[in-house]
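Hi,

Here is the structure I promised to pass on to you. Have a look around it yourself, then read my notes below.

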Amino acid sequence: MNDLDKDSLRQGVYDIVKCIPRGRATSYGAIAKAAGYSNLSRMVGKIMAGCSDKNIPAHRVVNSQGILSGKEAFGSAGEMQKRLEAEGVVVKNDRIVNWKTVFWNPLKEIRME
């Protein structure tokens, strides 16, 4: 993937993540699929880990089982969980409780028109 493609993917990922509503979360894989790169979930993880824009709710992106796998990107231990809990998401043992209910599927939720 060349630099232009990476920039395009990064912007697409950010655009999708900005759409995740408060109190919901999605997975790296769901974002990759919605961005048209279903095999690049790890790249989405790297993009989220490097995200410093406070307007992008990166804390709402977890792994496919609802586990806070990217929590080290938020500086202090517990920061990702704290942000999710402030939005009403219940987290226990680094995992979102009721993951299937909290899960936000960008392919179903974003209306492309």
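**What turned up**

I110 counts as buried, with a relative accessibility of 18% (buried means under 20% relative accessible area, exposed over 50%, partly exposed in between, using a 1.4 Å probe and protein chains only). You'll find I110 in the segment after α6 (106–109); helices here are DSSP runs of H or I with at least four residues, strands are runs of E with at least two, and both are numbered from the N terminus. Setting aside neighbours within four places in sequence, I110 is in contact with I16, C19 and W104, where contact means heavy atoms within 4.5 Å. I110 and C19 are 91 residues apart in sequence, yet their C-alpha atoms are 7.7 Å apart in space.

Before you go further, a word on the model. It is a predicted one, so to speak of local features we need pLDDT of at least 70, and side-chain atom pairs count only at pLDDT 80 or more, while totals for chains, interfaces and linings use all residues. Residues are numbered from 1 along each chain as its sequence is written, and side-chain values use heavy atoms, with hydrogens and water left out. The protein chain has a mean pLDDT (the predictor's confidence in each residue, from 0 to 100) of 91, and 94% of its residues reach 70 or more.

Now the inside. The largest nonpolar core has 29 residues, and V13, V17, M48 and I96 have the most contacts inside it. Such a core is a set of buried Ala, Val, Leu, Ile, Met, Phe, Trp, Tyr and Cys residues joined through side-chain atoms within 4.5 Å. At least two residues each come from α1 (3–17), α2 (28–34), α3 (41–49), β2 (61–62), α4 (79–86) and α5 (99–102). The largest share, five residues, is from α1. Beyond its neighbours within four places in sequence, I96 touches a list of residues including A25, V62, L84 and V102.

In α3, the buried residues are V44, G45, I47 and M48. They sit on the same side of α3 because they cover an arc of only 160° around the axis (the arc is that of the directions from the helix axis to the C-beta atoms). Exposed R42 and K46 are on the face turned away from that buried side.

In α4, E79, M80 and L84 are buried. These fall within an arc of 135° seen down the axis, so they line one face of the helix. The cover over them includes β2, β3 (91–92) and β4 (95–96), while exposed K82 and A86 are on the face turned away. Just after α4, G88 takes a positive phi of about 95°.

How many aromatic pairs does a search of the whole structure find? One: W99 and F103, edge-to-face, 5.3 Å centre to centre with 70° between the planes. Rings of Phe, Tyr and Trp (its six-membered ring) pair if their centres lie within 6.5 Å; planes under 30 degrees apart are stacked, over 60 edge-to-face, the rest tilted. W99 is buried at 12% relative accessibility, whereas F103 is partly exposed at 25%.
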